[in-house]
Amino acid sequence: ISRVYAINPTGTPSILWVKDFPETSWIGVSISADGSHTAVNSKFHMYILNSTDGSLIWDHFIDNTQSPVAISGDGQIIVTADNSGGYVITRIFDQVTNEYQLLWQYKISSGYYHSWATAPAISADGRVIMAGSLIFTNNNTYNGSVIAFDTFSGNVPRWIYGNTGDYVTNIALSDDGSVGAAVTWGDMDNTLPDLLVFDVATGNMTYGQVTPGSLFSVDITPDGKRVYAGGKAVHARVYGKGGLIYLVDIDLGGGSISGNVNLTNTSDNSGVTVDVLGTQRSTVTNTDGSYQLNNLPGGTYDIRAHKPGYNFGNANGVTVIEGDTTSGIDFAMDPFTTIPPNLTASQWMMNAILLSWSSGQRKTLSKYEINKIVGDEVGLTIPLQIQTKSVTGANKKSILQTPSFEFEKDSPVMLTDSIAIYRGTIAGGPYNFIASVPISESSYIDSSVFPLNDYFYVITVFNDVGESVYSNEAMGQVNDSLFTFDFDAPPQTVTPTIDGIISAGEWDDAVKIDVSDVLGYSGEPKPAGSAFLYFKFDDDSDLLFIAGEDFLNTSLDNKEGFGFYFDDNHDGVFDSVYNFTEGNFWAYWHPSGSDLKFRKLPGYVTITLSDAEVEFSDVNGHLQGEVAIPMGFSEGYQLQVYGPDKIVGLGAFIIERDNNNAVFNGWWPQNMNYIRNPLYFGNVGIDVSLLSPPKPPSDVTVARDDNSLLISWSDPTEGVNNIPLPVQPVI
C-alpha cells in the first residue's frame, strides 16, 4: 500500500489524518484554494478527498500521467493530462450524482510518433485552464506547446503557443487566470526560453527566460505579480549536475478599470460579466458587485455589463491611463422583464440536435411602431438608445441612465429582437453561449455535438436593452443507434474466400459493425457509414474471420489495413505470463503483398505469421480486406477465448495513410481514448470451443529446509478448457 498524510502546519505541526491506497508510482497532491478538497494521484488513478477528514469524495482511473491533478479553488472542477491518449480532460462536480462528470476533453495534435498532454493548471476562480504537451517528432527529436482554454467554452483552445523545444513540465496560473507561467526542458541548443510568462487574455508571451539547462517546476503568487521557477543547470536529456532557480517580477503593464454593479431586488451581485468591447479583456463580479479589469493599454474604451435576466449596463468612452486605475465605473441594472419561450430538444436526429421553442415571442409591429410609421403620436416614451455619460481620466464615475418606459395598457410593445442559445454538459449548468437567431425563428439545429453525450440547453431573448432570464432547461442527445459496443460474433454458415473482395452473400452471415470515426479521434469526424467491420467464426478450424471496408479510401497504399487489439481474458489489462500472451494483430497491405503480424503486449515483440490468410483490394473503388485470426491455446499469438463467458475485449481500427501518416477512418469503440488501454475496449462474444490445456499449479513458493529447498504449490481446480475438475488432482 501507499500512504497519504494530511498535516496541520500551524503551531506545532500535527497529523490530521492518514489515508492508505493500493497504489504505487505516486505523482502528486493538489489542494483547492479554499482548503476543502484534496486531489492525490498516481500515474494511473486519482482520488478526490475531503480535506477535513480524508474521506473519499470520488475516484477514477487516469490513463498514464506524469502530472498532478489540477483543481479549482472550490474543488468543483478538476483537470488531468494523460500521456497515453494525449488528452486534456476537464470534469465538473455534479451535485445530483455526487460525481465528477466530463465537461470536455481535448486531444493534443500528434507528432510523427505520439504526443503527451502535460502540466494541467486551472485558475482558482475556475475560469481559465492551461496545459502543455510533449510532442515526439521524427529522428528522436522533441517539441512541445502551451495551450489555454476558457473552462466553459468547450474544448476549443483560446490560443496555442507552439515550438517550446521539448517537454512542458509545469504550469501555474494566477487566481484570476490573467497571468500564466510555464516551464519546459527547452531545445537542446538552449536557444528557446525555458520559462515563459503569458498574458492569458491575449496569448502574448510577456516574458521569456533562456537558461543553460531545463526547468521542472514553476509557481506564481495569487495576484500574478511574481513567478518562481527551478530546474537543472544542464539539459534534462544530458547527464550533468547543478541547479537553477529564478524569481521574476511580472508586470503586464497598462491601466485598470474598477467599479461596482448593483442588481435591483437582490443582495447577491455576483456573476455579472463585465466586458471591454473590442478586446479580450473581461471579468466577473464578486458577491458585493465589485470588479476590476486589469492590463488595459492606455486609451478609450466602451464597457458593457451583462447577466441573463437584467438590462445591460453600458459605459462609453472610459479613458484608461497607463499605470493608473479608472475607478467608479458603476452600473445599476434593472430586471429585463420579458419571459423566454418554452424550449424542447431532440434526441432522435443523426449528427445534430434540433432545438424548438414556441412562436409566441415573434416580434410584431406594436401600436407605437405603427404610429411612428404614419406620423401619429402615442402616449409612450421610449428613448432611442441607452444614454450614458462619457468619462475621461482616472477616478471618474460613469452613471448608467436606464431607459424609462411608460406604456399604454393596450399597447403590446415587443422589444425583444433575438434568441440567444446556450449549451452545457451538466444539468443545471454552467451554460456556454453558442449562437443567436432572429426572434422570428422558432428552431435551431446544433450540429457541433457528438453522440454518447447529454447536452443541456437554455435560451434567452435579448435586444439592445438587455437579456431575459434562462428558459426551462431541455436535454438533447444525438441519435446513437449506429453505435455498437458489445456484440456476439456468430458461427459461420458460409466459408469466406480470403481474396480481399467482399463478394455478394459471402458475409451475410456475419455481424456488421459501423466503425466510422464519427467522434474524430484522428482529427475531423468521419461521417457515419464510411467504415465497417464484419465478424464471424468457424468452430472447426478455430478461426475468427474479419472483413472490413473503408469507403473514404479509394486506393490502396503501403501499410493500409486493419488493427485489432485483444484483451483475451477480458480483465482490463494486457497480461503476459507463462503459456499466455496478449497483444495486437496488424493486417496490412503492401505493394509486395499483404501480411498479418502479431505484437506481444507488454513486451512489444513482433512476429509475422507465416501462411496467414489475409488479403486487401480496391477493385470495387474503395479499400476492402479479409483476414482470418487464429484462435487457440497452443501458441502465444493465438486469440485465447476463455470460458465460461467466452468474451474478449477488442479495440480496432481501419487505417489510411496520408504521406505515411496514419489516418483512422475506422475507430472502434468510437469513444476509445487510447487503443493500448483495454479499459476502453468493447466486448465481443465468441462461442467457440477451444481445447485449452489445464492451468498449471499456482501459489508456487520455495523455502529452505535445512540443506534442501522445499517447493510448495496449490493444485489446479480446472482442467481442459477451464472446466472445473470433478476430482481434485494430486501432484
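Q: What should I know about the model before reading it?
A: It is predicted, so local features need pLDDT of at least 70 and side-chain atom pairs count only at pLDDT 80 or more, while totals for chains, interfaces and linings use all residues. Residues are numbered from 1 along each chain as its sequence is written, and side-chain values use heavy atoms, with hydrogens and water left out.

Q: Into which domains is the protein divided?
A: Domain bounds come from an automatic or database domain assignment. Here they give domain 1 (26-249), domain 2 (255-333), domain 3 (486-686) and domain 4 (698-730).

Q: How many residues does the contact between domain 1 and domain 2 take from each?
A: Contact means heavy atoms within 4.5 Å. The C-alpha centres of the two domains lie 30 Å apart. Domain 1 gives 6 residues to the contact and domain 2 gives 6 residues.

Q: What is the area buried between domain 1 and domain 2?
A: Buried area is the accessible area (1.4 Å probe) that two parts lose on being put together, summed over both. For this pair it is about 470 Å², with 35% from carbon and sulfur atoms. On the domain 1 side, Arg127, Asp199 and Ala201 supply 67% of the area buried against domain 2, more than any other three residues.

Q: Which side chains meet in a salt bridge with Asp199?
A: Side chains of opposite charge can pair when their charged atoms come close. The rule asks for a side-chain nitrogen of Lys or Arg within 4 Å of a carboxyl oxygen of Asp or Glu. Arg281 meets Asp199 this way, at 2.4 Å from N to O. Across the interface of domain 1 and domain 2 the rule finds 1 salt bridge. The side of domain 1 that touches domain 2 has 1 nonpolar, 1 polar and 4 charged residues. In this scheme Ala, Val, Leu, Ile, Met, Phe, Trp, Tyr, Cys and Pro are nonpolar, Asp, Glu, Lys and Arg are charged, and the others, Gly among them, are polar.

Q: Is the pair of Tyr422 and Phe433 stacked or edge-to-face?
A: Rings of Phe, Tyr and Trp (its six-membered ring) pair if their centres lie within 6.5 Å; planes under 30 degrees apart are stacked, over 60 edge-to-face, the rest tilted. The count is 36 aromatic pairs. Tyr422 and Phe433 have ring centres 5.7 Å apart and planes at 70 degrees, so they are edge-to-face. Tyr422 is in strand β33 (residues 418-424) and Phe433 in strand β34 (residues 432-438).

Q: Where does Pro430 lie?
A: Pro430 is in the loop between β33 and β34. A cis peptide bond joins Gly429 to Pro430, with omega about 10 degrees.

Terms used:
Helices (H or I, at least four residues) and strands (E, at least two) are DSSP runs, numbered from the N terminus.
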